[in-house]
Amino acid sequence: AETVSARFDADTPTEWMVSAEGWIAAGDIALVSIGAAASRPEVAPTHYGRFGDGAAVIEVHTAGFPRFKLRDDRGPCGTRRVASRYRDLHHAVGWSAVLSNRRDGTLEVTVTPPERDPDPAASPWEGMSGSVVWSAGRIVGVVSFHDRSDGLGRLTATRLDRTLEGLDSGRRRIFRSLLGVPDGVELVDVTPPRPGQTVLSAYLEQVRDIAPVGELLEREAELNALARFCAGDDAY
């Protein structure tokens, strides 16, 4: 492409457009830099995340314009406007089992399945690719395709963390600079901690708050009493 335009809030009273100042792609993920526009609202900074390597099931969100949201534009009292069709937004709320697609290095997104498309050669998810995948308020990937063998309730997404890992050092620095994540700094892990981990973390913070700074000196008798208590049968 020689030029790229970004369009926001399409076909709504708040629609605005702006020309891209530049763009860079790596596989199925592209970063597009946009400049100022007369109608551009203030946009909050975006944050990015990754998934850990352990087994976990994590809630994810993505929004796009799939084929099954193709609609006839309705006029007053439901009358159909001639030759006016559009795709409405679909906000898919689903979950990802982190260990799925491990060899492929992609993200399996499980969502509520739509009905099959009347055209057997078409997927009802057609047009959903490119939709950003969010988890815990952070971007973790981009929907890449619908693998027909996975059924209608699963989409495949490219993981941001795996994309960055696969770049050479020069392109990785460029990508990270545009994302605002310095090279060498880990993306935030969006995998929720197990309940036991949360309790342990809170307990450790409490202990750190009340414990003396540095070492305990000349407290052997007290430490021995504590050790006997912890090994004994007395209730906490």
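Start with the largest pocket, which holds about 1,900 Å³ of space. A pocket here is an open set of points on a 1 Å grid over the protein atoms alone, with protein on both sides within 12 Å along at least five of seven lines. Grid points are joined across faces, edges and corners, and a volume is the space filled by probe spheres set on the points. This is a predicted model: local features need pLDDT of at least 70, side-chain atom pairs count only at pLDDT 80 or more, and totals for chains, interfaces and linings use all residues. Residues are numbered from 1 along each chain as its sequence is written, and side-chain values use heavy atoms, with hydrogens and water left out.

Select Ala6, Arg7, Phe8, Val132 and Trp134: of the 46 residues that line the largest pocket, these lie nearest its centre. A lining residue has an atom within 4 Å of a point. Strand E3 gives the largest share of this lining, six residues. Other elements that give two or more include strand E1 (5-8), strand E7 (80-87) and helix H2 (169-179). Helices (H or I, at least four residues) and strands (E, at least two) are DSSP runs, numbered from the N terminus. By class, the pocket lining has 26 nonpolar, 13 polar and seven charged residues. Ala, Val, Leu, Ile, Met, Phe, Trp, Tyr, Cys and Pro count as nonpolar, Asp, Glu, Lys and Arg as charged, and the others, Gly among them, as polar.

Next, select Phe8 and Trp16. Two aromatic pairs are counted in the structure; rings of Phe, Tyr and Trp (its six-membered ring) pair if their centres lie within 6.5 Å, and planes under 30 degrees apart count as stacked, over 60 as edge-to-face and the rest as tilted. Phe8 and Trp16 are stacked, at 4.2 Å centre to centre and 10° between the planes. Which of the two is buried? Trp16 is, with a relative accessible area of 6%, whereas Phe8 is partly exposed at 30%. Buried means under 20% relative accessible area, exposed over 50%, and partly exposed in between (1.4 Å probe, protein chains only).

Move to Phe68 and Trp125. Their ring centres are 5.2 Å apart and their planes at 85°, so this pair is edge-to-face. Phe68 is in the loop between strands E5 (57-64) and E6 (70-74), and Trp125 in the loop between strands E9 (106-110) and E10 (132-135), so the pair ties together parts 57 residues apart in sequence. Trp125 is buried at 3%; Phe68 is partly exposed at 24%.

Now select Ile34, in strand E3 (residues 29-34). Its C-alpha atom is 4.5 Å from that of Ala20, 14 residues apart along the chain. Beyond its neighbours within four places in sequence, Ile34 has contacts (heavy atoms within 4.5 Å) that include Phe8, Trp16 and Arg40.

Then look for the cavity, a set of points where a 1.4 Å probe fits but cannot get out. Select Asp53, Val98, Arg159 and Arg162, which are among its lining residues. That lining has one nonpolar, five polar and four charged residues.

Finish at helix H4 (residues 220-231). None of its twelve residues is buried, so H4 lies largely in the open.
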